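Take a moment with the model below.

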Amino acid sequence: MAEEKKSGAGKFFLGALFGAAAGAIAGILTAPKSGKETRKDLKDAGDKAVKDAKKNGEKLLEKTKKSTKELGDKAEAVVEDVKEKVEKKSDKKDK
C-alpha cells in the first residue's frame, strides 16, 4: 500500500493545533473552578479550537489552490516551449 505523505506545513499545523488544545485543557483543568464552570470553559475552548481550525484550514486550502494553479500554469508553459522546440527541430530535419 502506498503511504500518504504529509507536507511540513500540514504536520506543523496539526502539531500547533494539538499543542494549543492540550495547553488550553491543562490550563482549564488546573484552574480552581467548580465542575460546571470547568465544563463551560472546556466547551468554549473546544468551540474556539474548532473555529480556529476551520479558519486556518480554509487559509491553507486557498494557498494550496493558488500554488496548484501556478504550478499548472508553469507546467503548461514548459510543455508549450518543448512542443515549439520539437517542431523547430522537426522542421530543420525535413529541410
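A salt bridge is a side-chain nitrogen of Lys or Arg within 4 Å of a carboxyl oxygen of Asp or Glu. By this rule the protein has seven salt bridges. This is a predicted model, in which local features need pLDDT of at least 70 and side-chain atom pairs count only at pLDDT 80 or more, while totals for chains, interfaces and linings use all residues. Residues are numbered from 1 along each chain as its sequence is written, and side-chain values use heavy atoms, with hydrogens and water left out.

Begin with the fold. The protein has two helices and zero strands. Both kinds of element are DSSP runs, numbered from the N terminus: helices are H or I with at least four residues, and strands are E with at least two. The radius of gyration is 25 Å, well over the 12 Å that the globule rule gives for 95 residues, so the protein is more spread out than a compact globule. That radius is taken over C-alpha atoms, and the globule rule is 2.2 Å times the number of residues to the power 0.38. Along the principal axes, the C-alpha atoms fill a box of roughly 90 × 25 × 20 Å.

How much of the protein counts as buried? Of its 95 residues, 3% do. Buried means under 20% relative accessible area, exposed means over 50%, and partly exposed lies in between (1.4 Å probe, protein chains only). The protein exposes about 8,600 Å², and carbon and sulfur atoms supply 61% of that area. Such areas come from the Shrake-Rupley method with a 1.4 Å probe; for residues, only the protein chains shown count as cover.

Now go to helix 1, which covers residues 8-30 and holds Leu29. Leu29 is exposed, with a relative accessible area of 56%. Together with Ile25 and Leu42, Leu29 forms a nonpolar surface patch with about 250 Å² of accessible area. Patches are made of residues with over 30% relative accessible area and no salt bridge; like charges are joined within 9 Å, and nonpolar side chains (Val, Leu, Ile, Met, Phe, Trp, Tyr) within 5 Å.

Helix 2 covers residues 35-94, and Lys63 has its place there. Lys63 is exposed, at 59% relative accessible area. Lys63 also belongs to a surface patch of positive charge, with Lys51, Lys55 and Lys59.

Asp44 pairs with Lys40, their closest N and O atoms being 2.8 Å apart. The two lie four residues apart in helix 2, about one turn of the helix. Asp44 is partly exposed, at 34%. Further on, Glu80 bridges to Lys83, with the closest N and O atoms 3.9 Å apart. Three residues, about one helical turn, separate Glu80 and Lys83. Glu80 is partly exposed at 41%, and Lys83 is partly exposed at 45%. Lys85 forms a salt bridge with Asp81, at 3.4 Å between the closest N and O atoms. Lys85 and Asp81 are four residues apart in helix 2, again about one helical turn.

Ala77 is also found in helix 2. How far apart are Ala77 and Thr64 in space? They are 20 Å apart, C-alpha to C-alpha, and 13 residues apart in sequence.

Last, the charges as a whole. The mean positions of the 25 positive and 18 negative charges are 5 Å apart. Lys and Arg count as positive and Asp and Glu as negative, while His and the chain ends are not counted. Each charge is placed at NZ of Lys, CZ of Arg, CG of Asp or CD of Glu.
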